[in-house]
Amino acid sequence: MEEVSPDTETPLAPQPPRLLERRVRQQQPAAAILKSKLKNGLTCSGPKVRSTLMGFFPVVRWLPKYKLKEYIWGDVMSGLIVGIILVPQAIAYCLLAGVPPIYGLYTSFYANIIYFLMGTSRHVSVGIFSLMSLMVGQVVVREVFDAGFDLSEDSTPSPHELFNETLDLNFTGKPELTVELMGMQLGKDSYAIAVAAAVTFLAGVYQILMAVFRLGFVSVYLSAPMLDGFATGASVTILTVQAKYLLGLKIPRHQGYGTVVVTWFNIFANIHKTNLCDLITSAICIAILVAGKEIQDRYKDRLKIPLPTELVVVAGATLASHFGEFNTRYHSSVSGHIPTGFTPPQVPAFSIMPRVALDAIPLAVISFAFTVSLSEMFAKKHGYSVRPNQEMVAIGLCNVVPSFFHCFTTSAALAKTMVKDSTGCQTQQVSSLISALVVLLVLLFFAPYFRALQKCVLACIIIVSLRGALRKFRDVPAKWRASRMDAIVWLVAMSATALISVELGLLIGIVFSMSCIIYKTQNPKVSLLGRVDDIDLYEDVEEYKNLTAPSRVKIFRFQAPLYFANKNSFLKSLYKAVGVEPFLELAKTNGETNNFDVFVGLVQKELEFHTIVLDCSAIPFIDSTGMATFKALVKEYEEVGISVLLACCNTSVIDALQKGEFFGKNNKDISSLLFYTVHAAVLHANRAAEEKKAEDSVV
């Protein structure tokens with residue numbers, strides 16, 4: 001194809017392809033780079049110390065700039081509302097974590113204080129979270145069961161007996177089973193919180209190590225559909241675990257896989273033992289809670305503050321249970337004594353940690369992923385930035401430090417974060433401090449008043465809070481229409497989490513999500529290209545109309561990286577698209593001549609094209625296998641008289657080809673194999689074919 005002058009309409013002389021000149025980058029020796037980093041890291045100065053402290057404790061940076069008159073009322077109102085909501089939730093989520101209610105209050109208090117000092121987000125609410133509580137509870141119940149405790153027993157000892165050397169007789173007059181830990185005899189509740197504190201300590205350590213080694217990229221492997229499906233599956237598990245409390249059934253929490261299936265089987269097997277008092281209370285509480293949520297959702301634009309439905313239900317149910325004597329008269333299970341004040345700090349039990357080391361890994365990753373994703377989401381919404389690495393440090397210390405004060409794993413919670421955002425919160429840290437003060441008042445004065453609170457009421461609060469997650473089932477058809485692959489990832493993660501276990505569900509979700517990406521690269525879209533009218537633009541002939549395929553040139557596009565896993569897919573798709581497989585053509589020729597000499601000239605006359613142009617614009621990178629594949633293609637097609645040219649390669653692909661000497665020694669063939677546009681490659685191919693034809697005619 002000749003180029004024509006627009007003025008004279010005469011053919012222009014063929015121009016050699018222009019090669020762009022690469023910049024020369026001087027790379028410093030590794031020893032020099034390491035020496036420079038060590039020098040910068042070990043030097044100490046006043047400004048550097050101040051900058052480090054301000055980075056580690058962001059409160060030092062933003063507190064002097066806090067606009068008291070402008071921000072304080074919104075932060076105080078937001079903190080009070082979240083604190084009021086937080087108290088019943090903190091008590092309720094202890095049912096999931098398998099520990100007495102007081103420890104949920106401890107966890108909420110310490111997490112808010114630490115995030116006040118170290119957090120960078122202005123809106124994220126960090127504290128007790130249902131998913132984290134469930135995952136901690138799985139570990140706690142397993143370890144308590146392995147220690148020999150009866151999982152069907154109700155908790156009777158006071159939490160202030162934690163780490164006492166001996167325990168008195170229980171209400172049955174029989175000595176309670178104890179386990180020796182760190183030289184002390186611990187009862188069931190004491191041992192449970194010891195396990196929770198140990199796994200929380202490890203999760204926090206993992207998060208801090210991830211921050212130190214800049215491993216925050218791990219969270220990118222948690223795709224949004226996978227996380228969404230995992231959270232929904234966990235919500236199904238949470239609902240199942242709490243269902244027995246709604247009916248007042250005293251059945252042990254299932255250990256191992258298939259919690260949802262086994263638990264529902266046990267519930268229906270024991271349905272005749274339903275406690276009518278708990279059932280009626282549950283029905284009333286769920287009706288009130290759902291009505292409150294619906295009113296809140298419908299009139300959220302008119303209501304300036306959220307309705308404290310949970311607090312109203314807890315207060316009313318506690319009064320009814322106390323004056324109605326539900327525990328003694330109807331054998332309804334209640335929260336029991338919740339003491340005031342704080343227990344002395346205690347070093348986490350290191351002897352437990354080897355058994356829970358693996359369990360802490362998903363806790364650390366999920367806690368970090370939820371916290372950072374929520375932080376970035378609200379930062380983008382309100383026009384400021386957060387530091388993901390500092391968020392990882394903050395949430396890590398929100399786990400490490402409270403583990404010394406009998407707390408369990410925390411994370412950012414979407415529901416409370418949304419409440420803060422809707423109630424005028426300007427600075428999350430100040431709002432969290434107010435919420436912590438509300439929890440402190442309960443810890444110091446009001447905790448004992450929750451003694452008569454029925455566990456079924458707490459279960460109702462947990463189950464109603466899952467409405468948003470369970471509603472995700474309605475979005476499955478829309479997900480399927482938008483992206484079948486994402487919908488399948490969601491379904492697999494949800495099903496594995498709900499039907500197998502939370503931990504394995506997370507692992508299966510991650511592996512399946514990554515497998516889908518690998519599948520996409522192994523089976524990418526391929527296409528032959530045609531020219532758009534008379535301009536130098538080439539596109540997919542199957543996707544666009546009125547495209548003209550260039551004469552005797554096949555242009556092939558492969559839309560994926562070319563590496564060891566999809567080499568065969570690349571070759572098969574290329575052979576199928578162009579309709580010529582070199583080995584088969586050679587076999588045909590050999591069969592016609594009955595010898596092993598290949599007459600290339602005879603084969604070339606039978607083919608409809610003389611050149612294949614590989615459009616590499618959609619190939620982000622290649623490895624050594626991909627480079628070897630390109631080499632083999634050039635050689636194989638050359639044997640049947642077909643040239644292979646490359647077009648639109650990015651610099652990383654070019655560098656890989658140069659290192660593998662694809663263009664020959666010293667890149668001597670680069671100008672005849674590599675082109676910066678598809679059109680330039682087509683022009684070169686036709687020009688070379690004409691020159692070869694002229695030579696053959698002379699011969």
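Buried here means under 20% relative accessible area, exposed means over 50%, and partly exposed lies in between (1.4 Å probe, protein chains only).

## Basis of the model

This is a predicted model, in which local features need pLDDT of at least 70 and side-chain atom pairs count only at pLDDT 80 or more, while totals for chains, interfaces and linings use all residues. Residues are numbered from 1 along each chain as its sequence is written, and side-chain values use heavy atoms, with hydrogens and water left out.

## Helix α20

Helices (H or I, at least four residues) and strands (E, at least two) are DSSP runs, numbered from the N terminus. Helix α20 covers residues 484-499, 16 residues in total. From its first C-alpha to its last it reaches 22 Å, close to the 22 Å expected at 1.5 Å a residue; the expected span is 1.5 Å times one less than the number of residues.

The buried residues of α20 are A487, V489, W490, A493, M494, A496, T497 and A498. The elements that cover them include α8 (224-247), α9 (259-269), α19 (476-482) and α21 (502-522).

## Packing of α8 against α20

The axes of α8 and α20 come within 7 Å and cross at roughly 30°. Axes are lines fitted to C-alpha atoms, for helices over the stretch in contact, and angles run from 0 to 180 degrees between N-to-C directions. The two helices, α8 and α20, are therefore roughly parallel to each other; angles under 35 degrees count as roughly parallel, over 145 as roughly antiparallel, 65 to 115 as roughly perpendicular and the rest as oblique.

The crossing of α8 past α20 is right-handed, a term that applies if the near helix is turned clockwise from the far one by less than a right angle, with anticlockwise giving left-handed. On the α8 side, the contact (heavy atoms within 4.5 Å) is made by residues including P225, M226, F230 and V236. Those from α20 are D486, V489, W490, A493, M494, T497 and A498.

## Salt bridges

Side chains of opposite charge can pair when their charged atoms come close. A salt bridge is a side-chain nitrogen of Lys or Arg within 4 Å of a carboxyl oxygen of Asp or Glu. The whole structure holds 14 salt bridges. One of them joins R355 and E143, at 2.9 Å from N to O. This pair links distant parts of the chain, with R355 in helix α13 (residues 353-382) and E143 in helix α6 (residues 130-146), 212 residues apart. R355 is partly exposed at 44% relative accessible area, whereas E143 is buried at 4%. Both belong to a salt-bridge network of R142, E143, R355 and D359.

E310 and K293 form another salt bridge, their closest N and O atoms being 2.9 Å apart. E310 lies in helix α11 (residues 309-324) and K293 in helix α10 (residues 276-298), so the bridge ties together parts that are 17 residues apart in sequence. E310 is buried at 4% relative accessibility, and K293 is partly exposed at 24%. Between strands, E539 of β6 (residues 538-540) and R557 of β8 (residues 553-558) are 18 residues apart, and their salt bridge has its closest N and O atoms 3.3 Å apart. Here E539 is partly exposed at 21%, while R557 is buried at 11%.

## Surroundings of F56

F56 is found in helix α2 (residues 46-56) and is partly exposed, at 36% relative accessibility. Leaving aside neighbours within four places in sequence, F56 is in contact with M118, Q390, V393 and L397. F56 and M118 are 62 residues apart in sequence and 6.6 Å apart in space, C-alpha to C-alpha.
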